[in-house]
Amino acid sequence: MNYSKKNSRMDSEGSAPKKAKEYLSTDVTATSGKHYLCGCCAAFTNIAITFPIQKVLFRQQLYGLKTKDAVHQLQKDGIRNLYRGILPPLMQKTTTLALMFGLYEDFSSLLHSHTNAPELVTCSMAAVLAGTTEAVLTPFERVQTLLQDYKHHDKFTNTYQAFKVLKVYGVREYYRGLVPILLRNGPSNVLFFGLRGPIKQCLPEATSYSTHLVNDFICGGLLGAMLGFLFFPVNVVKTRMQAQIGGEFQSFSKVFVKIWLERDRKLIHLFRGAHLNYHRSLLSWGIINATYEFLLKLS
């Protein structure tokens, strides 16, 4: 999000609300597209760099493995399978991040121009709406889970085949794990967009493109790592739910209790892999935020 623009919006709203709303309406039409494009490019850059780390993390979430065991498992799979399953997250992340950044801007501007609610309320509502809309793309996250699970290597070899197999079970099967995704997306978006500005303001003032880039990387990385750790158990449940093909659709609470019992009712076991997720999120969201802001400045 362009914070200089946001600040100017807030200042203008304080002095001349009607003019600010007219400006917002015109601004949305003129610049909306660039937020979607910048979000898409930021996601592509991130996935290309961090996908192998994500696969290690996935194995830990699904099977409760230690890091060295998960890495060893990937080594046994071979280099040919290292980027197996990259197409779904590439398609999903480029689209979801385009929606996340673009819809947040659109919803924020729309709410600002049609309501008199406080800034915090409108921005939070915009973040929740953007996160909820992203959940429409759950099928890509679902297929990514199946392709990364070595237990399904013999069932299908590519994204198209995985989608075809799920089709037999009906449309609902594509959206297995939707509840944890909704529980994750909305609140995490609220915290990300709500804290991004204040955190950046706490960093040393940037006086060049390079220092702006560093600050955006630090800001995005810290937020991503914090949110990744906070919502880690939710993602553990989501992964378990989405690794299943066919059968009963178990509730979020039922799957959570099952995992809790399997892992000896120890919180530390539920967070197995969280340290790797922390570092992956630090890198991923640092790349995403820095790339997004850099491209936004160029557009």
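Y209 is exposed, with a relative accessible area of 53%; buried means under 20% relative accessible area, exposed over 50%, and partly exposed in between (1.4 Å probe, protein chains only). The model is predicted: local features need pLDDT of at least 70, side-chain atom pairs count only at pLDDT 80 or more, and totals for chains, interfaces and linings use all residues. Residues are numbered from 1 along each chain as its sequence is written, and side-chain values use heavy atoms, with hydrogens and water left out.

**Surface patch**
- Y209 belongs to helix α10; helices (H or I, at least four residues) and strands (E, at least two) are DSSP runs, numbered from the N terminus.
- Together with L213, F294 and L298, Y209 forms a nonpolar patch on the surface, with about 410 Å² of accessible area in total.
- Patches consist of residues with over 30% relative accessible area and no salt bridge, where like charges are joined within 9 Å and nonpolar side chains (Val, Leu, Ile, Met, Phe, Trp, Tyr) within 5 Å.
- At least two residues of the nonpolar patch come from each of α10 (209-230) and α14 (274-298).

**Overall architecture**
- The protein has 14 helices and zero strands.
- Of its 299 residues, 49% are buried.
- The accessible surface comes to about 14500 Å², and 65% of this belongs to carbon and sulfur atoms; accessible areas come from the Shrake-Rupley method with a 1.4 Å probe, and for residues only the protein chains shown count as cover.
- Among contacts (heavy atoms within 4.5 Å) between residues at least 6 apart in sequence, 78% join residues at least 24 apart.

**Annotated span**
- UniProt, in an unreviewed entry, places the feature "transmembrane region" at residues 213-232; UniProt positions follow the numbering used here, feature names are shortened, and annotations may be inferred rather than shown by experiment.
- In the model, residues 213-232 are 95% helix and 0% strand, and their end C-alpha atoms lie 27 Å apart.

**Salt bridges**
- The structure holds 10 salt bridges, each being a side-chain nitrogen of Lys or Arg within 4 Å of a carboxyl oxygen of Asp or Glu.
- One of them joins the side chains of K200 and D216 (2.6 Å, N to O).
- K200 lies in helix α9 and D216 in helix α10, so this pair ties together parts that are 16 residues apart in sequence.
- K200 is partly exposed at 21% relative accessibility, whereas D216 is buried at 3%.
- Another salt bridge links the side chains of E141 and R184 (3.0 Å, N to O).
- This pair links distant parts of the chain, with E141 in helix α6 (residues 138-148) and R184 in helix α9 (residues 178-202), 43 residues apart.
- E141 is buried at 6% relative accessibility, and R184 is buried at 13%.

**Surroundings of R240**
- R240 is located in helix α11 (residues 232-242).
- The side chain of R240 meets that of E262 in a salt bridge (2.9 Å, N to O).
- E262 lies in helix α12 (residues 252-262), and the two partners are 22 residues apart.
- Not counting residues up to four places away in sequence, R240 touches L62, V255, I259, E262 and R263.
- R240 and Y63 are 177 residues apart in sequence, yet their C-alpha atoms are 9.0 Å apart in space.
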